[in-house]
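Q: I have a structure open and want to learn how to read it. Please take me through its features one at a time.

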Amino acid sequence: MNQPRIAAVILAAGAASRFGSPKQLANFRGEPMLMRTIRHAREGGVSQVVVVLGAHADVVAASLPAASDVITVLNQDWSSGVASSIRAGLAAVQPDSVEAVLLLAVDQPLIGRRELCALLDAFATGSDIVASEYGGITGVPVLVARRYFVELTGAISGDRGAGAWIRSHDERVTRVRMDAAALDADTVEALSAIENMS
């Protein structure tokens, strides 16, 4: 079976006001969270990596290696909510070159290669929408087939991301249990607690 061509869109535009500093650059087990997310996306087998920046864009962009093949996109409207970042990321993807987009949040540090491979494997079996399931929630990371890009872009708004849209396609969603996705680093204390987990 041929490996599907997937673009990862990493949502890294938020101001991290509760964190108190750019959490994209916060170290988790010796590695900045953004670089960790990029590395895991590549290890998972994606063919493109798009990083959507907004607040702290200059300092975050400067942290990326000079020779990086990562596509960075500036979301000027980042303060309106995550929907604008998803739209900016999808607009940066060359739709004819990929079969799906993998939406990733930069603040789920326990999402690694194993978790992403589980999503990609489910997509490879023919599922159009493959979402993580944790704590009764269906959400990101999520894989969305190219045929839904325009629909998804038009359906989201404000600070409501892809969750409501995913639920509206409940019968088409393949769910992959992913307890690690429930752990997001909204504060320095939360990141420290996650880092100390075995």
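Q: Where does Ala16 lie?
A: Ala16 is in the loop between β1 and β2 (27–28). Helices (H or I, at least four residues) and strands (E, at least two) are DSSP runs, numbered from the N terminus. The model is predicted: local features need pLDDT of at least 70, side-chain atom pairs count only at pLDDT 80 or more, and totals for chains, interfaces and linings use all residues. Residues are numbered from 1 along each chain as its sequence is written, and side-chain values use heavy atoms, with hydrogens and water left out.

Q: Is Ala16 buried or exposed?
A: Start with the cut-offs. Buried means under 20% relative accessible area, exposed over 50%, partly exposed in between (1.4 Å probe, protein chains only). Ala16 has a relative accessible area of 14%, so it is buried.

Q: What should I look for in backbone angles?
A: Most residues other than glycine have a negative phi, and most peptide bonds are trans. Ala16 has a positive phi, near 55 degrees. Arg29 also has a positive phi, near 50 degrees. Arg29 sits in the loop between β2 and β3 (31–32). At 40% relative accessibility, Arg29 is partly exposed.

Q: Which residues does the cis peptide bond join?
A: Val140 and Pro141, with omega about 0 degrees. Pro141 belongs to strand β8 (residues 137–145).

Q: Which residues is Gln108 in contact with, beyond its sequence neighbours?
A: Contact means heavy atoms within 4.5 Å. Leaving aside neighbours within four places in sequence, Gln108 is in contact with Tyr134, Val140, Pro141, Ala181, Leu183 and Asp184. Gln108 lies in the loop between β6 (100–105) and α4 (113–124). Its relative accessible area is 7%, so Gln108 is buried.

Q: How do I read polar contacts?
A: A polar contact is a pair of N or O atoms within 3.5 Å; within protein, one must be able to donate a hydrogen and the other to accept it, and residues adjacent in sequence count only if both atoms are side-chain atoms. A polar atom of the Gln108 side chain lies 3.3 Å from the backbone oxygen of Val140. The side chains of Asp107 and Lys23 form a polar contact of 2.8 Å. Asp107 is in the loop between β6 and α4, and counts as buried at 13% relative accessibility. The side chains of Ser168 and His169 are joined by a polar contact of 2.9 Å. Ser168 is in helix α6 (residues 163–168).

Q: Which residues of helix α3 are buried?
A: First, the general idea. An α-helix has 3.6 residues a turn, so residues three or four places apart point the same way. In α3 (residues 82–92), the buried residues are Ala83, Ser84, Ser85, Ile86, Ala88, Gly89 and Leu90. These pack against β1 (6–12), β4 (48–53), β5 (71–74), β6 and α5 (149–155).

Q: What is the radius of gyration of the whole chain?
A: The radius of gyration is taken over C-alpha atoms; the globule rule is 2.2 Å times the number of residues to the power 0.38. With 198 residues, a compact globule would be near 16 Å; the protein chain has 15 Å, which agrees. The C-alpha trace spans about 40 × 35 × 35 Å along its principal axes.

Q: How many helices and strands does the chain have?
A: The protein chain has 7 helices and 9 strands. Of its 198 residues, 51% count as buried.
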